[in-house]
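I am opening my notebook to look up a few local features, one at a time, and to write down what each looks like.

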Amino acid sequence: MLDLTYELPKPKVIAGAKHDWELVIGMEVHAQVSSNAKLFSGASTKFGAEPNSNVAFVDAAMPGMLPVINEYCVEQAVRTGLGLKAEINLWSAFDRKNYFYPDLPQGYQISQLYHPIVGEGEVLVELGDGTARLVRVERIHMEQDAGKSIHDMDPNMSFVDLNRTGVCLMEIVSRPDIRGPEEAAAYIAKLRQIMQYLGTCDGNMQNGNLRADVNVSICRPGQYEKYQETGDFSHLGTRCEIKNMNSMRFIQQAIEVEARRQIAIVEAGGTVDQETRLYDPDKGETRSMRSKEEAHDYRYFPDPDLLPLEIEQAWVDDIAANLPELPDEKKARFINDFGLSDYDASVLTADVESAAFFEETAKGRSGKLAANWVINELFGRLKKEDHSITESPVSPAQLGGIIDLISSDAISGKIAKDLFEIVYTEGGDPAQIVEERGMKQVTDTGAIEAALDEIIAANPAQVEKAKVNPKLAGWFVGQVMKATGGKANPKAVNELVAKKLGE
Amino acid sequence: MSIDQSTAAKVAKLARIKVEEDALPALADEFNTILGFIEQLNEVDVEGVEPMTSVTPQRLKRRVDEVTDGNQQDKILANAPDAREGFFAVPKVVE
């Protein structure tokens, strides 16, 4: 594998009234596991169903109902761990996190506080400017999602839908390695990309299938390095946790706003209270969420309904052996095998479908040319109509056909774009279209010469000017291209024009 | 460790159990009796002994990833004090 090396990005610096400040960010990302059924019941996980229709008695916490774990959810968590190069714990266990909320009928969430299934891993976060940071993952544990409360359907009541209750979440906990709002967004984007490659989470933030709690603190420049050397958190500021955000944009805004709030407090001589806060995008502020005395008093204890989860190394090895190629490896291979730039390789490996489309198109062809056509023409055209790559009316074989026609000099670049538009809107075999509609490039110098002679004869004044100022030769090239309907080989035209005008 | 009345009140509050002021001393006493028993257990040296999680050796039972349950909105909502349009209706809770 090609080793991609990157410079470290500079941490974000915010200028306060008195000093410069840096940010320290750690994230807890909640990713909904892609599965048919819930973590401990046989109810469906399907989004958008009638309220309370995807609910088993276990999910509704009816007395006497017992949880039975969905083995596939365990497999998905293990797969995610392997994708983040993390250690897999063959022995893990479930605990109860106790709190009361109407959308949590059990009165506790089944989670894995003490013995998570996945231990330390890492995520390479590229910032797109040639810099990247390796963010350490502390752990991943499985837990139940809560239900959904709707507060705006009635002035006095909240409405509760338990369809989501008990769906399996992976909580992916990072170390405080993230140093700015952009890095935070890039970290989530990379996690999402990896999980989409793995098929363990669809990453749909709008539906709430990927959400993040963000821990933000501030410190003076130099303090973070002291923390890194010693592992001593006292070098850093007190952190606040901004809860439950499901938009990249809001996450970035919230971090910036929260950092500025903390800076203002500290510079005024105050101290930051460790607390949970909510971001209000309308007001552009964070506000305290829970009364302090009750915060984090979850009285965790091992869930007596569930035996410890023991898995076998052979099973883990089997999952590892069947992992798909991951984004970092795919990108490195694209750079290596197809000679692509870092940027093009990043764009093409952003999702599995785009990468597969490109690879199919580039097979046996120039990788760079294929990349140009996929990124500039196809992606551009798809974007115009808000279509995804899977909805492309042009197949890799068709796009490859166009590229072949360019490579063999059968059509000019300009005609190729027209041809692409025809294939995109009407379909058909590119070679056949070129043949039928007479789009072939004219390389026959006799025909080009005839057209040029005509133009020269009709424009004696232009010819005189061009002889004095050779830059005007371009005008003749343009005229010939126009006269031949863009089909003349530009190189042949250039040569002929230079020759004729030089006479 | 001993439980005083204010700790007893706090635990009751976290468990959403209403305890009248005059019942707190007795409650705190009961807690202390329980904790006393636990402390007695703590005297046993269990260094190096793996916690026992079941009486007979058992593996955590698994289910396959199939939808086998649900589609019973009426049953789920049957005992709800208030339900509207397929939802549980509860007194307003907003953070």
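Before anything else I note how elements are named: helices (H or I, at least four residues) and strands (E, at least two) are DSSP runs, numbered from the N terminus. This is a predicted model, in which local features need pLDDT of at least 70 and side-chain atom pairs count only at pLDDT 80 or more, while totals for chains, interfaces and linings use all residues. Residues are numbered from 1 along each chain as its sequence is written, chains are lettered from A and ligands numbered from 1 in the order in which they are written, and side-chain values use heavy atoms, with hydrogens and water left out.

**Entry 1: aromatic pairs**

I looked up rings of Phe, Tyr and Trp (its six-membered ring), which pair if their centres lie within 6.5 Å; planes under 30 degrees apart count as stacked, over 60 as edge-to-face and the rest as tilted. By this rule I find 14 aromatic pairs over all chains. Phe159(A) and Phe87(B) make a tilted pair, with 5.7 Å from centre to centre and 35° between the planes. This pair crosses between chains, since Phe159(A) belongs to strand β10 (residues 157–161) of chain A and Phe87(B) to strand β3 (residues 87–91) of chain B.

Phe159(A) is buried at 2% relative accessible area, and Phe87(B) is buried at 10%.

I then turned to Phe334(A) and Phe338(A), an edge-to-face pair with centres 5.5 Å apart and 85° between the planes. Both of them lie in helix α6 (residues 327–338) of chain A, four residues apart, about one turn of the helix, and both Phe334(A) and Phe338(A) are buried. I also noted one aromatic cluster formed by Tyr99(A), Tyr114(A), Tyr298(A) and Tyr300(A).

**Entry 2: charges over rings**

For a charge to sit over a ring, NZ of Lys or CZ of Arg must be within 6 Å of the ring centre and within 35 degrees of the ring normal. The charged end of Lys97(A) sits over the ring of Tyr298(A), 4.4 Å from its centre, and that of Arg179(A) sits over the ring of Tyr224(A), at 3.9 Å from its centre.

A nonpolar core is a set of buried Ala, Val, Leu, Ile, Met, Phe, Trp, Tyr and Cys residues joined through side-chain atoms within 4.5 Å. The largest one has 105 residues, and those touching the most other members are Met27(A), Tyr187(A), Ile188(A), Ile251(A), Phe358(A) and Leu399(A). Helix α2 (residues 181–198) of chain A gives the largest share of this core, 10 residues. Apart from this core lies another of 16 residues, including Val463(A) and Val497(A).

With contact meaning heavy atoms within 4.5 Å, and leaving aside neighbours within four places in sequence, I find Ile251(A) in contact with several residues, among them Met27(A), Ala184(A) and Ile188(A).

Why do I call α2(A) largely enclosed by the rest of the structure? Because 14 of its 18 residues are buried. After α2(A) comes Gly199(A), whose phi is positive, near 75°.

**Entry 3: helix α13(A)**

The expected span of a helix is 1.5 Å times one less than its number of residues. For the 14 residues of helix α13 (residues 445–458) of chain A this should be 20 Å, and the end C-alpha atoms are 20 Å apart, which agrees.

Which residues of α13(A) are buried? They are Ile448(A), Ala451(A), Leu452(A) and Ile455(A). They cover an arc (taken from the directions from the helix axis to the C-beta atoms) of only 95° around the axis, which puts them on the same side of α13(A). These buried residues pack against α15 (473–483) and α16 (490–502) of chain A, while the face turned away from the buried side carries the exposed residues Glu454(A) and Ala457(A).

**Entry 4: positive phi**

Most residues other than glycine have a negative phi. Asn52(A) is in the loop between β2 (20–32) and β3 (69–70) of chain A, and at 0% relative accessibility it counts as buried. Lys85(A) also has a positive phi, near 50°, but Lys85(A) is partly exposed, with a relative accessible area of 49%.

Note on methods
Buried < 20%, exposed > 50% of the residue type's maximum accessible area, 1.4 Å probe, protein only.
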